Amino acid sequence: MSHGTRTEGPRTDDPVPAGRHAVVVGGGLAGVTAALALADAGVGVTLLEGRPRLGGLAFSFRRGDLTVDNGQHVYLRCCTAYRWFLDRIGGAALAPLQDRLDVPVVDLERPEGRRLGRLRRDALPVPLHLGRSLATYPHLPLADRAAVGRAALALKGLDLTDPALDDQDFGSWLAAHGQSARAVEALWDLVGVATLNAVAGETSLALAAMVFRTGLLSDPSAADIGWARVPLGDLHDRLAREALDAAGVRTEVRTRVTSVSADADGAWLVRIPGETVRADAVVLAVPHREAYDLLPEGALDDPGRLLGIGTAPILNVHVVYDRRVLARPFFAALGTPVQWVFDRTEASGLKHGQYLALSQSVAHADIDEPVAALRERYLPELERLLPRTRDARVEDFFVTRERTATFAPAPGVGRLRPGARTKAPGLYLAGAWTATGWPATMEGAVRSGVGAADAALDALGRPRPRHLFAIEEAA
């Protein structure tokens, strides 16, 4: 799949002579990717990050003896750029993929003993790979199962290059294609809320179609799920920093950039406390509102559009029990406020009991609720979902909140998302919020870093190694 990356131009495996320097502002996945790609092409790189760590919004922290991820992040086999990133930092074995898509779905509105359904694929061509699963999915009436198949075929027929898709909402399109409220709840939103951080009625048809077509209708294995079996900080901070160091990148954390400007000679001046870093190219890989504050005048025709990109929250509820209460690595839920539940026991370093993380997207109603109120709401729901919790003792209960976890994928957002290039020569943008064609995911962040690095190398006249070309193919 292509989203405007270049596939022409010089490619080589030969060493590239030094002499050019780039600054990357922001040490999330987009910034780390851009820094690695530029350094691998022979450019001297300085990476500046205001936080004390790398990884952006996919990070870990310590809580007593636990290592806690701020949120549960997963990726799919079709996330080829993020998979390249894992390979590049030496972390692929620490975040393996399922052998085959298999999502347990528990519906609390069904009688006990009949609550479990599964969404899984067979080793058959698209769309037959999901045929048996949909035909036997117990959480949809028979008529809805047939209608889902027809809607999927209609989705596959959409032209993703049609800008009109961005102005439509996915919910209305689903209704027009025979999808009942139950089908939206038990299938389309089950997947869409987790991947897009919005319900169907508040999601751009263009983004929704891209997600479902790429994940479910492009290749039989595309939606196989992967997730880190270690803390995210081990990947996105420790291993990323080791890769940057090995590539010769100067990495500075706890370093806030105060301004970015061009001098009379066309060089870029990046100011940080106590120093001005001079560069031939700058990549702004920061959240869109921070990019707005740093953009020099004239860099975008209408920088105010960046402020029109909304944000959406994600809440994560963390519960530690004194015993094992869940036998599978994760499941999704229906008929309850609980969305997705993951077992994080081993990854966190917990030695006794079990640690569950509840990932709650579209969390507008809960994001500012006190911990006591969230405890009162979610513990009884877990008791309904997991009978073993009824006899277990809660050893710890806490929440993590990301109020601006993602950009909101609302209809019309596509026209607000800028590309990697700006009107200021030598200044580039990266971040999941830029025009990657993807929603706000780790995959989108890495793709944006690829795009920014490629644009910078083109302008710097630098040969791009085959190594970077491989990322372009993936992206």
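Modeller: The buried residues of α4 pack against α3 (131-135), α5 (170-176), α6 (181-196) and α7 (205-216), with contact meaning heavy atoms within 4.5 Å. Helices here are DSSP runs (H or I, at least four residues), numbered from the N terminus. This is a predicted model, where local features need pLDDT of at least 70, side-chain atom pairs count only at pLDDT 80 or more, and totals for chains, interfaces and linings use all residues. Residues are numbered from 1 along each chain as its sequence is written, and side-chain values use heavy atoms, leaving out hydrogens and water.

As for α4 itself, its 15 residues (142-156) reach 22 Å from first C-alpha to last, close to the 21 Å expected at 1.5 Å a residue; that expected span is 1.5 Å times one less than the number of residues. Buried in α4 are Asp144, Ala147, Val148, Ala151, Ala152 and Leu155, where buried means under 20% relative accessible area, exposed over 50% and partly exposed in between (1.4 Å probe, protein chains only). They sit on the same side of α4 because they cover an arc of only 145 degrees around the axis, taken from the directions from the helix axis to the C-beta atoms. An α-helix has 3.6 residues a turn, so residues three or four places apart point the same way.

How values were computed: Helices (H or I, at least four residues) and strands (E, at least two) are DSSP runs, numbered from the N terminus.
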